[in-house]
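Please look over the model below before reading on.

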Amino acid sequence: MAETEGKFDFAIDRGGTFTDVFARLPDGRERVLKLLSRDPQNYKDAPTEGIRRVLEEETGRGFPRDQPVDTSLIGWIRMGTTVATNALLEREGERTALLVTQGFKDLLHIGTQARPKLFDLEVAVPEVLYEEVIEVDERVVLRQDGCQLPRKDPKRIVTGSTGDSLEVWRELDLKRVEKDLRGVLSRGITSLAVLLLHSYTWSDHEKAVGDLARRLGFTQVSLSSEVMPMVRAVPRGYTVCADAYLTPKIHQYLKGFTSGFKGGLKDVDVLFMQSDGGLTPMEQFCGSRAVLSGPAGGVVGYAITSYSQTEKKPVIGFDMGGTSTDVSRYAGQYEHVFEATTAGVTLQAPQLDINTVAAGGGSRLFFSSNGANHSHSDTSEMSVEEVAMGFIRVANEAMCRPIRALTQAKGHDTSQHVLACFGGAGGQHACAIARALGMKTVFIHKYSGVLSAYGLALADVVEEVQEPCSLQYEQRSFTELNRRVEQLSKRCRDTLCARGFASGQITTEVFLHLRYEGTDCALMVTASGYPSNAQSCLAGDFRSAFTKRYLKEFGFTIPDRPIMVDDIRMTKCYFEEGYLDTSVYLWEELPCDHSIQGPAIIIDKNRHPDLLFSNVTILVEPCCEARLTEGGDVCMTVGSDPHCVLGTELNTVQLSIFSHRFMSIAEQMGRVLQRTSISTNIKERLDFSCAVFGPDGGLVSNAPHIPVHLGAMQETVQYQIRSLGNKLKEGDVILSNHPCAGGSHLPDLTVITPVFKQGVSSPVFFVASRGHHADIGGITPGSMPPHSTSLQQEGAVFTSFKLVTGGVFQEEAVTEALMAPAQYPDCSGTRNLHDNLSDLRAQVAANQRGSQLVGELIDSYGLAVVQAYMGYIQSNAELAVRDMLRDFARRRQQQTGSLEVESEDFMDDGTPIRLRVQINENEGSAVFDFTGTGTEVWGNCNAPRAITLSALIYCLRCMVGQDIPLNQGCLAPIKVIIPPGSILQPSQNAAVVGGNVLTSQRVVDVIFKAFEVCGASQGCMNNISFGSERVGYYETVAGGAGAGPGWTGRSGVHSHMTNTRITDPEILEKRYPVILEKFSLRPGSGGAGKYSGGDGVIRKLLFRSKVVLSVLTERRSTRPYGLLGGEDGAAGLNLLHRADGRVLNLGAKTSISLQPGDIFCLYTPGGGGFGSEEDANRRPQTKRRRLNETFPERGSVFEYRMAQEGV
């Protein structure tokens, strides 16, 4: 901790509810103070008031509130603040304009094209931060070897900071830019964000715009090349917009803060905490680095005070304040992420990996006695105390899930950590959280109630610089790497020396952002502990550091794959047993090494007489022991949970806990699969699902919720039970993908493991994992041909294949099966056998983990109890669906007098999909009858039965409108009739790849039309792929979402049965022979109405070499319907502009050879409108959804789940 002799030093954390002040006094004593962040009747600014009080009370001098504070006694001030976070949450930043490359004005509106909540039909996406957009007529593209474009020589060839060569296709038109900027200024906007494509490596155009804007009078100009020069335009764009939007607000706050002191704190060293855990001078504190300013101090605080350099036992930080609960991990180094989302804005900047996992201690909770209670024997009344204890137990289990995910995702054992609790409410949950996670030690620092402020006092001053790089990590690149590292190091040292630090006080640390070539999974690596050698660069042995960490996190390495350097970075009471007699102790009165047996309560009176509330309350639970250390901290030893017998009768608290436990099993299976797989599809795109099933094959829990997998895996497991029966033995694992066996399409391989219990002859549970394999043979690479007419053309087929027999992986047999498609005309066996085998082994390992966890659950509670609660969880989902059907039936009866609804829609080839639904109001049940649906088609739009069931579960969950378990119970009230031989139940050898990605969307449209839920969304996934012998690429593209009662449809978003993220424009152009000329919304394509449908998008691809383009789309001749008077959305269109000037309509489905210079133009469908347009003027005001109605999730666990649901 830095000291200033004879003066007062202050570290202050200004939080959302309280402001915490830590003060080190001139005589060496320490004081802490907690006051309300907002108390306008008593003071203007909480940090200023905290400093004033300490100075006044300790010196005995008067420091009037209405006069600036005398700074002569202040040494330094360090602060963390939520000003930026609050402005982002409340959308109260500065009015901002965005200046972007022409053709991309809607790029940040579309973003990744994924919707944030899968089952929310009103796609509520936080609005962009800018108010206006200026498109700039300029274009820079990367040069590519082998580019065959018939273009004239570019005006200029330039070299970027990464070493890449670029072509300037269109020079910047500064006169036009000046005219546009003057117009923006005239409308009162003075903050500007600038995002030009490929400016991360060549920034001349951005700098020219920035210079012009400042001359014209813009008070804040943020350039993406300066704010965060990293490849990927979308997150860089969000980051630069956040910087322009938030920085003026920060400056405004700083101006008000400094005005409360004499001389404006001119002679005082004032530092602010950044999101990465380092301190920076007040004048350099900016919006894009400020979002985690407050919680970052807490991470620094527990890392320094709780981690033992001798024992080196990793620590989990658990920060439970009044507003939110944050979780993080420290094991000798701070864990950072370099892209994270806060309040709907993805920031591409170094941030501590702080996971907001729950609301805080000040939350209000509500109890509703519904769900499974209605259908089971839980008739006992719960006392107020039991309800309160139930809330605590459920909340604790809900918080344990992300903690398990945070540790196990990176290959760490959760139980081998110390739990460091801080924040006002952390100590009350410490024992229970630690016990549930198997941890034995809890550490609570004496300043745990103000640890974020204390961490500020302990933190380092950090100067960080970063620049992009495109070098391989190899011997011939080390000279250039060494030069650039030394250059960045000198910049850091010079900056810190200029601030008054002696060279001996400065240490530098080098980070390289490394990834294997051809992968997207990059790790920011330090060579700490790996000294340089003859085979490394001078900064250290980054190859060894990278491969060891890669092995730890992912379970394997790729020894023969080059390692790429993407960036270079430089930095520095009432208990379970009922009422028990509980002793209460005052922290400050406890002697060192004093031990306290639970149950007990330890209260910290805050060490300040002004405060009427305690700073920290620690609950020492039964079977736990607390001890006061020599430093005055509390260290607790957590005993085992006293045995509590749980019966098979329903307990509502246990129902919620078991629901979390089953979901946690599926999630942990997914983490193992992602870590141990090798393919891009599974490891990086996360295109997989893991699930737990009951002994009858009924789904219990499924993670993540990929819509097209929701009901299909249950069909697969139940098929194996019917097919194999008692032939299933312990040590067997089944592989299946056939549509007649519950498969969706052939690349989705499902691996099923029966779970046995000693003494029981048949399986007591099943676990399964379904992963999308990039290739399993067939007539085209990728095994998703647009023109297949039989199943054999789509790849290898498995019905009930024993992948593992008696614990032995059947490599030879499965290899033969994967190569079998080569026997068919024009077909090949799998083109990537190595990845297939590796991923199948990973799926087996994930299932093994699931089987182990199910076994542990049974050992803890007994088989009868676990299976009973499995049934209750399924019944809970069933009851929610029955209630929804009864409610609809009542409304329908009142409106029409009928309990029958029907609808019809068509595929582009004219094939009808018909549905009649008959509802039984008394039972809350329904018959979904697809009789009249068209026959199986010649082509691949046939959809297996499992696809229809997945679409049906998705629709039911959307219509229920609340968070329910997605399991077998959802379909229990439903009888489904599908005519054999139809497009929805085709013959065994029918081609089905289009049914999975296209027909599934039409089934959703038909169901929502019958129930009059909303206008149709685009009804298509817009599957586009292109490739050659050297390269292959596949994407799905967004369109318009349908409008509904009370909302307009979202434009440029994926809907219903897909949620795939799209490749960033800069990555697309860097890795593939294509130029993205335009990616924007398609104005007017959404259907009009009282609530209009969302617009589709326009996407133009210019090809630089010969490729084969494949298009698999729908809604090119039929239009997405409007509802209740709303107009239809526009149909899609696929145009090809040949280099010779011809324009061709490609139709909905085709494969075609392209020449260099050809441009493919994709116009995706809009969404249908809702309600008659003449009613639009009488539209009621809809409540604008606040971003902070619930706690804003963030961190790597949240990003992982969003990525999974974006598949």
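The expected span of a helix is 1.5 Å times one less than its number of residues. Helices (H or I, at least four residues) and strands (E, at least two) are DSSP runs, numbered from the N terminus. This is a predicted model: local features need pLDDT of at least 70, side-chain atom pairs count only at pLDDT 80 or more, and totals for chains, interfaces and linings use all residues. Residues are numbered from 1 along each chain as its sequence is written, and side-chain values use heavy atoms, with hydrogens and water left out.

Start with helix H16, residues 712-724. Its 13 residues should span 18 Å at 1.5 Å a residue, and the end C-alpha atoms are 18 Å apart, which agrees. How many of the 13 residues of H16 are buried? Ten are, so the helix is largely enclosed by the rest of the structure. Buried means under 20% relative accessible area, exposed over 50%, partly exposed in between (1.4 Å probe, protein chains only). Among the buried residues of H16 are Met713, Glu715, Tyr719 and Leu724. Their cover includes strands E35 (688-693), E38 (748-755) and E39 (765-772), as well as helix H20. After H16 comes Gly725, with a positive phi near 50 degrees.

Helix H20 covers residues 945-960 and holds Thr948. Thr948 is buried, at a relative accessible area of 1%. Leaving out residues up to four places away in sequence, Thr948 touches Phe930, Ile978, Leu984 and Val1003; contact means heavy atoms within 4.5 Å. Between the C-alpha atoms of Thr948 and Asn996 the separation is 9.4 Å, and the two residues are 48 apart along the chain.

Now step back to the whole chain. It has 23 helices and 54 strands. Of its 1207 residues, 62% are buried. Its accessible surface comes to about 45,700 Å², of which 47% belongs to carbon and sulfur atoms. These areas come from the Shrake-Rupley method with a 1.4 Å probe; for residues, only the protein chains shown count as cover.

Next, the nonpolar cores. Such a core is a set of buried Ala, Val, Leu, Ile, Met, Phe, Trp, Tyr and Cys residues joined through side-chain atoms within 4.5 Å. The largest has 118 residues, and those with the most contacts inside it include Phe10, Ile77 and Phe1160. Helix H7 (residues 233-258) gives the most to this core, with 13 residues. Domain 1 (85-143 + 163-270) and domain 5 (1018-1179) both give residues to the core, so it lies between them. The domain bounds come from an automatic or database domain assignment. Apart from this core lies another, of 69 residues, with Phe119, Ala877, Val1003 and Phe1170 among them.

Last, the rings. Rings of Phe, Tyr and Trp (its six-membered ring) pair if their centres lie within 6.5 Å; planes under 30 degrees apart count as stacked, over 60 as edge-to-face and the rest as tilted. A search of the whole structure finds 26 aromatic pairs. Phe888 and Phe1011 have ring centres 4.7 Å apart and planes at 50 degrees, so this pair is tilted. Phe888 sits in helix H19 (residues 863-896), and Phe1011 in the loop between helix H21 (993-1010) and strand E46 (1023-1027), 123 residues apart. Phe1011 also pairs with Phe928, stacked, at 6.0 Å centre to centre and 20 degrees between the planes. Phe928 lies in strand E44 (residues 925-929), so its pair with Phe1011 ties together parts that are 83 residues apart in sequence.
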